[in-house]
Amino acid sequence: ISTRDWSSDVCSSDLRVHPEHLAVRDAFIATKVSADWQDVLDRFFGHDALLCLGQSTSSTFTQQRAHFRGFEQELPYIVPNAMSAPRGLTKDGRDSNRCLANAGPLKRLVVEYDFGTLDEQAALHLHLRDKNLPLKMVVFSGSKSLHGWFDVTGCSDEQIALTCRYAAYLGADTATFSPIQMVRTPNARRDEQTLQAVQYLA
């Protein structure tokens with residue numbers, strides 16, 4: 001991630017999404033990615049990673065990747081980074097399978113916008129991509145938003161903080177910046193109905 005021009009953009013009051021993003025947004029959203037949920041998770045996490053998936057944000061499971069194979073579509077929530085241990089202690093001393101103590105290295109940052117049309121959200125994700133932030137995947141939430149998965153592997157804490165600040169300036173929900181925040185599992189089903197379809201895969 002380059003920090004060039006980011007500071008001025010954060011403070012700018014006349015930010016505009018590039019017109020060419022609006023021109024390609026329909027094709028971006030309409031793209032159908034031919035990969036099932038198993039292929040997508042294997043691509044991002046490999047075969048041996050320790051993953052945290054859940055039926056809800058309050059009902060989660062942290063297990064090896066193989067434990068979830070074949071059942072991913074029934075678990076609509078996932079932590080977008082591998083965990084470092086099966087369990088850990090929360091700040092108030094409780095044992096948990098999802099807490100900061102067992103969070104793994106931050107390799108992916110998920111950005112979500114809860115406003116605008118899907119087309120407009122797609123344009124914002126492309127705008128971030130043009131800031132030298134690799135866009136690896138876009139997932140439909142099954143409702144009203146697109147989750148952009150960005151690669152921050154090897155980035156410094158300062159670069160990640162600047163990225164989060166800029167995304168928040170654009171209107172992103174800051175909740176997804178937490179290393180243990182659950183997001184929508186690629187190609188799983190929301191409420192056992194709507195497909196959380198992968199719209200883009202790089």
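P80, N81, L106, R108, L109, V110, T176, F177, S178 and P179 line the largest cavity. A cavity is a set of points on a 1 Å grid over the protein atoms alone where a 1.4 Å probe fits but cannot get out, and lining residues have an atom within 4 Å of a point. The space in this cavity is about 30 Å³. A volume here is the space filled by probe spheres set on the points, with grid points joined across faces, edges and corners. The lining holds six nonpolar, three polar and one charged residues. Ala, Val, Leu, Ile, Met, Phe, Trp, Tyr, Cys and Pro count as nonpolar, Asp, Glu, Lys and Arg as charged, and the others, Gly among them, as polar.

This is a predicted model, in which local features need pLDDT of at least 70 and side-chain atom pairs count only at pLDDT 80 or more, while totals for chains, interfaces and linings use all residues. Residues are numbered from 1 along each chain as its sequence is written, and side-chain values use heavy atoms, with hydrogens and water left out.

Now turn to the pockets. A pocket is an open set of points with protein on both sides within 12 Å along at least five of seven lines. The largest pocket holds about 190 Å³ of space. Its lining has 17 residues, and Y77, E112, H147, R184 and R190 lie nearest the centre. Four of the lining residues are nonpolar, seven polar and six charged. The second largest pocket has about 160 Å³. Its lining includes Y77 and R184. By class, that lining has two nonpolar, two polar and five charged residues.

E112 stands opposite H147 in β8. Strands are DSSP runs (E, at least two residues), numbered from the N terminus. Strand β6 (residues 108-112) and β8 run antiparallel, joined by five bridges. Two strands pair if DSSP finds at least two bridges between them. β7 and β8 form a hairpin with five residues between them. In the turn, G142 has a positive phi of about 90 degrees.

Why is β8 largely enclosed by the rest of the structure? Five of its six residues (146-151) are buried, so the rest of the structure largely encloses the strand. Buried means under 20% relative accessible area (1.4 Å probe, protein chains only). Across the 202 residues of the chain, 47% count as buried.

Methods
Buried means under 20% relative accessible area, exposed over 50%, partly exposed in between (1.4 Å probe, protein chains only). Helices (H or I, at least four residues) and strands (E, at least two) are DSSP runs, numbered from the N terminus.
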